[in-house]
Amino acid sequence: MLLQGYCDNTWLYPDTTLTAPGSFPALSMARNAHTALQILGDTELTAGTKISVSLDCAPGVKASLYQLLPTRVEENSGRLTHTADAYEEVADFVTRKAPFDVYDVTVPLKRATVRSGRLALFIRLEASADAEPGDHNAVLTLNVGDEIIPIKLSLFVSRAVVPTLDKARLGVVNWLFPEDIAGAHMVEPGSDAFWMLVDSYMDNQLELRSGHLKLPSGEPVRDADGKVVDFDFSFCEQMGKLALSKGYSYIYGGFVARFKVWNEPDQYLLWDRDITTSSVEGYRQLKIYFTKLWKVVTDNGWQNQWMQCLVDEPQFPNSESYRALSGICRKCMPGVTIHDPVETTEIGGATDIWCVKQAVYDKHRETFDKLQAMGEELWVYTCGFPAGKWMNRATDLPLLAGRLPFWLCARLNFGGFLHWGYNAYGKRDPFLYNCFATAGKPLPPGNGFIVYPGPRGPWNSVRSQGQLFGAEDAEVLKQLPMEKIAQFCDPLCSDFENYTTDTELFAKMREAALRAF
């Protein structure tokens with residue numbers, strides 16, 4: 001049996017040819033953190049094949065085994081938005097011409113049965129906080145059926161220690177969609193089976209260092225004439241209680257309004273799309289909403305762990321209406337922290353945490369740098385628009401495009417990272433359809449989700465594993481002086497559109513950063 005090892009930043013495909021059988025990359029990692037190795041073989045597995053792994057290394061280092069499964073990328077990312085009409089438009093920055101299959105699913109073999117297909121494995125190494133630092137010669141023993149295969153590895157464990165999630169310097173949020181949990185697993189919302197799955201998805205988010213959770217918005221309660229007279233926050237409250245009991249650092253109140261067209265001045269209520277937030281009726285409903293919600297927060301003692309979302313992506317033309325909405329919120333929720341994804345520089349004082357889209361930051365960098373110099377807290381987010389070469393985690397972009405945003409978070413002194421799509425499947429099978437689509441042109445492949453629905457909860461993707469590793473990278477970098485961060489980050493990326501795809505250069509800079517302690 002021939003095997004070849006690959007780093008965790010290289011896409012593998014069912015038709016990948018072994019070019020250097022017997023070779024395996026050197027690995028490096030911080031303590032209380034992870035690294036990974038991918039392995040491809042020249043053999044086909046039958047369903048149920050027994051596979052296990054053991055690691056002979058320094059105390060405090062262990063290995064977890066996953067089977068790599070392919071997912072279907074049905075369309076390529078577009079150059080400016082959504083998906084491409086023709087491959088030739090985007091050939092200079094995507095990895096392959098769609099449609100194609102790529103190994104993105106990582107199935108934990110501790111709890112799952114091996115599926116038939118090519119031998120393709122993802123092995124995640126974890127070092128405890130007290131693991132022995134230094135250079136180590138390790139032996140990874142792979143058992144495949146009756147065959148025992150020892151693999152010699154070179155591993156460097158840094159003195160750097162990634163802090164536990166409650167002491168994290170970098171916040172991370174991926175929007176959890178309860179309705180997609182119910183749909184993908186075919187369970188009734190609110191049932192015991194549903195809440196068991198929600199519990200599992202929350203565990204996964206925490207594993208990925210996503211310690212911030214956006215909760216569902218309140219549901220309007222209407223009288224016999226259809227007039228909104230109250231709001232029901234029972235589902236929101238139940239989700240919040242579960243999240244905080246599991247160790248989330250912060251919970252967010254869901255959105256209440258949005259524009260209809262990006263360049264119009266008004267925001268409209270999400271539950272009554274013909275009512276503007278600046279109208280008397282809009283104010284009446286919002287006052288009921290925020291007052292009731294703040295009572296839920298204070299009754300539970302959540303004031304120090306609560307943030308409020310208002311509008312998804314306020315724009316320059318509707319900045320004034322956003323300011324007015326923020327004023328209503330602050331009147332009813334005194335002292336609340338407002339945290340929104342934004343695409344404008346003109347809402348100073350109306351938001352407390354500016355979560356700026358990567359392309360918007362690059363375009364208005366000078367202004368955002370001034371805001372940051374004034375003491376404003378900046379985060380960054382990526383989403384389905386723009387597409388193109390911008391750093392994002394699409395399944396047809398290089399894997400580094402999804403990991404390097406975390407390096408820029410450290411380089412630019414951002415407080416956190418957001419991506420909207422954690423498990424948004426759009427009522428489609430994510431193993432067969434990577435492009436989230438509910439209406440109109442689909443979003444870039446993989447944009448809607450980074451986990452796949454397994455039998456008892458989420459299965460990580462190679463991309464979600466990369467999010468974990470990237471967040472850990474940022475935690476390491478944030479412990480260094482800024483000149484050191486620049487030394488290691490600048491050779492890899494200058495902004496969110498210009499970055500290296502050279503995995504060897506990335507490994508070199510990352511190891512240098514880890515050895516700086």
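Student: Which residues of α8 meet T503, F506, M509 and R510 in α11?

Tutor: In this model, L400, R403, L404 and W407 in α8 meet those four residues of α11, where contact means heavy atoms within 4.5 Å. The model is a predicted one, in which local features need pLDDT of at least 70 and side-chain atom pairs count only at pLDDT 80 or more, whereas totals for chains, interfaces and linings use all residues. Residues are numbered from 1 along each chain as its sequence is written, and side-chain values use heavy atoms, with hydrogens and water left out.

Student: What makes α8 and α11 roughly parallel or oblique?

Tutor: The axes of helix α8 (residues 400-411) and helix α11 (residues 503-514) come within 12 Å and cross at roughly 30°. Angles under 35 degrees count as roughly parallel, over 145 as roughly antiparallel, 65 to 115 as roughly perpendicular, and the rest as oblique. The two helices are therefore roughly parallel to each other, and their crossing is left-handed. The residues of this contact divide into five nonpolar, one polar and two charged.

Student: Why are α4 and α5 called oblique to each other?

Tutor: The axes of helix α4 (residues 280-300) and helix α5 (residues 319-332) come within 8 Å and cross at roughly 40°, and α4 and α5 are therefore oblique. The crossing of this pair is right-handed. In α4, the residues Y283, L286, K287, F290, T291 and W294 meet L325, I328, C329, K331 and C332 in α5. These divide into eight nonpolar, one polar and two charged residues.

Student: How many cavities does a search of the whole structure find?

Tutor: The search finds three cavities of 30 Å³ or more, a cavity being a set of points on a 1 Å grid over the protein atoms alone where a 1.4 Å probe fits but cannot get out, with lining residues having an atom within 4 Å of a point. The largest cavity has a volume of about 160 Å³, and of the 20 residues that line it, R393, L399, G402, R403 and R463 lie nearest its centre.

Student: Which element gives the most to the lining of the largest cavity?

Tutor: That is α8, with five residues, while α8 and α9 (462-477) each supply at least two residues of the lining. The lining of the largest cavity divides into ten nonpolar, six polar and four charged residues.

Student: What lines the second largest cavity?

Tutor: The second largest cavity holds about 70 Å³ of space, and its lining includes W407, F469, E472, D473, R510 and L514. The elements that give two or more residues to this lining are β3 (33-45), α9 and α11, and α9 gives the most, with five residues. By class, eight of the lining residues are nonpolar, one is polar and three are charged.

Student: What is the phi of N32?

Tutor: N32 has a positive phi of about 55° although it is not a glycine, and N32 lies in the loop between β2 (27-31) and β3. Most residues other than glycine have a negative phi, and most peptide bonds are trans.

Definitions and conventions
Axes are lines fitted to C-alpha atoms, for helices over the stretch in contact, and angles run from 0 to 180 degrees between N-to-C directions. A crossing is left-handed if the near helix is turned anticlockwise from the far one by less than a right angle, and right-handed if clockwise. Ala, Val, Leu, Ile, Met, Phe, Trp, Tyr, Cys and Pro count as nonpolar, Asp, Glu, Lys and Arg as charged, and the others, Gly among them, as polar. On a 1 Å grid over the protein atoms alone, a cavity is a set of points where a 1.4 Å probe fits but cannot get out, and a pocket is an open set with protein on both sides within 12 Å along at least five of seven lines; lining residues have an atom within 4 Å of a point. Grid points are joined across faces, edges and corners, and a volume is the space filled by probe spheres set on the points.
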